[in-house]
Amino acid sequence: MYAIPLGDDGAELRPLEPWQAEEFLAHMDRGREFIGARNGLPDVVTDLESSRAFLRTYAEKAAADTGRIHGIWSDGTLVGAVILRTLDTRAGKAEAGCWLEPAGVGKGLVTRAARALVDWAIEVRGIHRVEWVVASGNEPSIAVARRLGMARDGVLREDYSYRGKRHDMEVWSVLAPEWRAAKSAAAAEG
């Protein structure tokens, strides 16, 4: 197994696989209410079998080259994840997403992890457009999209029904030439 360091604080990005279902369920249990305020995953991952099934779905996506899931570890504890919910190398498009439990908030972990994942999608898998779809009220996730240099493409009004309420969904994206230009500018500055 490999780990990608996410900075000097010891945080790491690692693949999440079905054999880690117990650890993933424990993470979900710790963050169930917090994560569930913005993400339907806690309604899906409720016990060990559903945890294993969710991770198996992403193992199958990885095998088919249609998606990925990577966990974010801080101080040796799984505190969140970033995903390529979809990955279509033929069309050159992917949709990225994320979540964190409260112990991971405020450390820049999602931004650092998402940056690594987006960079991999563009530079290794040849993706041209990476999307970030987020409920309009989810300011922390919108802030990540901005920090990643994404542009807001538009709003899908009342597009997503979650827990009895319809939510506007914002579509943010970054294109490969924009990503590379931002990387070059950052390297020139630093």
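Me: pLDDT is the predictor's confidence in each residue, from 0 to 100. Where in the protein is confidence lowest, and where is it highest?

Reply: The model is predicted, so local features need pLDDT of at least 70 and side-chain atom pairs count only at pLDDT 80 or more, while totals for chains, interfaces and linings use all residues. Residues are numbered from 1 along each chain as its sequence is written, and side-chain values use heavy atoms, with hydrogens and water left out. Helices (H or I, at least four residues) and strands (E, at least two) are DSSP runs, numbered from the N terminus. Strand E1 (residues 4–5) has the lowest confidence, with a mean of 90, and strand E4 (residues 77–88) has the highest, at 98. Over the protein the average pLDDT is 95, and 99% of the residues score at least 70.

Me: In what order do the strands form the sheet?

Reply: Strands of a sheet pair through backbone hydrogen bonds, either parallel or antiparallel. Here two strands pair if DSSP finds at least two bridges between them. The open sheet has eight strands, in the order E1-E2-E3-E4-E5-E6-E8-E7, and its pairing is mixed. E1 and E7 have a single partner strand each, so they stand at the edges, and one side of each lacks a neighbour in the sheet.

Me: How many bridges join E3 to E4, and which residue is the partner of Arg68?

Reply: Strand E3 (residues 68–74) runs antiparallel to E4, and seven bridges join them. The bridge partner of Arg68 is Leu84 in E4. The two strands form a hairpin with two residues between them, and Asp75 in the turn has a positive phi of about 50°. E3 is also joined to strand E2 (residues 12–15), by four bridges in the antiparallel sense. There Leu13 has Ile72 of E3 as its bridge partner.

Me: What joins E4 to E5?

Reply: Eight bridges join E4 to strand E5 (residues 93–100), and the two run antiparallel. Ile83 stands opposite Gly97 in E5. The hairpin of E4 and E5 has four residues between the strands, and Gly92 takes a positive phi near 75° there.

Me: Which strands pair with E8?

Reply: Strand E6 (residues 129–135) is joined to strand E8 (residues 165–175) by seven bridges, antiparallel. In this pair, Glu131 stands opposite Ser173 in E8. Strand E7 (residues 151–162) also pairs with E8 in the antiparallel sense, over eight bridges. Tyr162 has Lys165 in E8 as its bridge partner. The hairpin of E7 and E8 has two residues between the strands, and Arg163 has a positive phi near 50°.

Me: At what angle do H1 and H3 pack?

Reply: Axes are lines fitted to C-alpha atoms, for helices over the stretch in contact, and angles run from 0 to 180 degrees between N-to-C directions. Helix H1 (residues 21–36) packs against H3 at an angle of about 110°, with the axes 9 Å apart. H1 and H3 are therefore roughly perpendicular to each other (under 35 degrees is roughly parallel, over 145 roughly antiparallel, 65 to 115 roughly perpendicular, the rest oblique). Contact means heavy atoms within 4.5 Å. Ala21, Glu22, Phe24 and Leu25 in H1 meet Leu48, Ser51, Arg52, Phe54 and Leu55 in H3. Helix H3 (residues 48–64) lies across E3, E4 and E5 and runs at about 125° to E3.

Me: What angle do H4 and H6 make?

Reply: Helix H4 (residues 109–123) packs on helix H6 (residues 176–189) at about 120°, with their axes 10 Å apart. That makes H4 oblique to H6. From H4, Arg115, Val118, Asp119, Ile122 and Glu123 meet Ala176, Trp179, Arg180 and Lys183 in H6.
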